[in-house]
Amino acid sequence: MQNKLYIEVNIYEQTLRLFNGDNLVRQYPVSTARNGPGELMDSECTPRGAHIVSEKIGEGYEQNTVFVSRKATGELYTPELYTQFPGRDWILTRILWLSGTEPGCNQGSNVDSHDRFIYIHGSPDEVEMGKPGSRGCIRMRNKDVIELFEQVTDGTPVHISEK
C-alpha cells in the first residue's frame, strides 16, 4: 500500500495533524504566528492554503541544534544561550521549508510562502505550544519535529487553515 501522507495545520486549534490517507497518524500541538493568519510579505503572519514541503533541512543534527538562515551555527540551544541572545528567533533541530501552491494566494509576488521563509521547525522547550507566538512559522516541540521530519518527504502536501 502506497503512503498518502499529508499534513493539516489548524491555526484556530494550534494543532498539526499528520494523516496517511483518511487515517490520523499523529496530532501535535504547535504555535503559529502571534500576528494571526495572513499571506503578505513582512506581515509575520502564518499563511493559509495549500503548500508542500519543498525542502527538509537538519537531518542528522543533534536535537537543539541552532539554525540561522537554514545553516547550523554549531551551537546547541540552552537557556544560557537564550539569555545571551534574547531577541533571536530560535529555529532549532529540524526545518521543513514550505512552498505555497496557490498562485496569488501563497505563491508568487508579495505572498510567496517560500520567499517569506515559512517553516515548520523546532523551538526551545520552554516555548508554549497551543498558543500563537511565532513570527509566521509553525513551531513544534523538538522531539515532535524530529518525529514528523522522519515521516515526511519533499513534496508532502501541507494544508494550513484557520478552522
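Phe67 stands opposite Ile91 in strand E7. This facing pair belongs to the contact between E7 and strand E5, which covers residues 65–68. The two strands run in the antiparallel sense and are joined over two bridges. The model in which these positions are seen is a predicted one.

Within the chain, Ile52 stands opposite Ser99 in E7. Strand E8 also pairs with E7 in the antiparallel sense, here over four bridges. Leu96 stands opposite Ile120 in E8. How many of the residues of E7 are buried? Ten of its ten residues are, and the strand is accordingly described as mostly covered.

Trp97 lies in strand E7, residues 91–100, and Tyr119 lies in strand E8, residues 119–123. The two residues are 22 apart, and their pair links distant parts of the chain. Both Trp97 and Tyr119 are buried.

A pair of aromatic rings is described by the distance of the centres and the angle of the planes. The model contains six aromatic pairs. One of them is formed by Tyr82 and Trp90, with 6.4 Å from centre to centre and 40 degrees between the planes, and this pair is tilted. Why does Trp90 count as buried? Trp90 counts as buried because its relative accessibility is 5%, and the cut-off for buried is under 20%. Tyr82, by contrast, is partly exposed, with a relative accessible area of 39%. For Trp97 and Tyr119, the ring centres are 6.0 Å apart and the planes stand at 85 degrees, so that pair is edge-to-face. The angle decides the label here, because planes over 60 degrees apart count as edge-to-face. Ring pairs also link Tyr77, Tyr82 and Trp90 into a cluster.

Charged side chains meet aromatic rings as well. The charged end of Arg88 sits over the ring of Phe85, at 4.5 Å from its centre. Lys56 lies over the face of Phe149, and the distance from the ring centre is 4.4 Å.

These details can now be placed within the whole chain. The secondary structure of the protein chain comprises two helices and ten strands. Along the sequence, these elements follow the pattern β-β-β-β-β-β-α-β-β-β-α-β. Among contacts between residues at least 6 apart in sequence, 64% join residues at least 24 apart.

The overall dimensions complete the description. A compact globule with 163 residues would have a radius of gyration near 15 Å, and the protein chain agrees with this, as its own radius of gyration is 15 Å. The C-alpha trace spans about 40 × 40 × 25 Å along its principal axes. Buried residues make up 45% of the 163 residues in the chain. The accessible surface of the protein chain comes to about 8200 Å², and carbon and sulfur atoms account for 48% of that surface.

Definitions and conventions:
Residues are numbered from 1 along each chain as its sequence is written. This is a predicted model: local features need pLDDT of at least 70, side-chain atom pairs count only at pLDDT 80 or more; totals for chains, interfaces and linings use all residues. Side-chain values use heavy atoms; hydrogens and water are left out. Rings of Phe, Tyr and Trp (its six-membered ring) pair if their centres lie within 6.5 Å; planes under 30 degrees apart count as stacked, over 60 as edge-to-face and the rest as tilted. Buried means under 20% relative accessible area, exposed over 50%, partly exposed in between (1.4 Å probe, protein chains only). A charge sits over a ring if NZ of Lys or CZ of Arg is within 6 Å of the ring centre and within 35 degrees of the ring normal. The radius of gyration is taken over C-alpha atoms; the globule rule is 2.2 Å times the number of residues to the power 0.38. Contact means heavy atoms within 4.5 Å. Accessible areas come from the Shrake-Rupley method with a 1.4 Å probe; for residues, only the protein chains shown count as cover. Two strands pair if DSSP finds at least two bridges between them.
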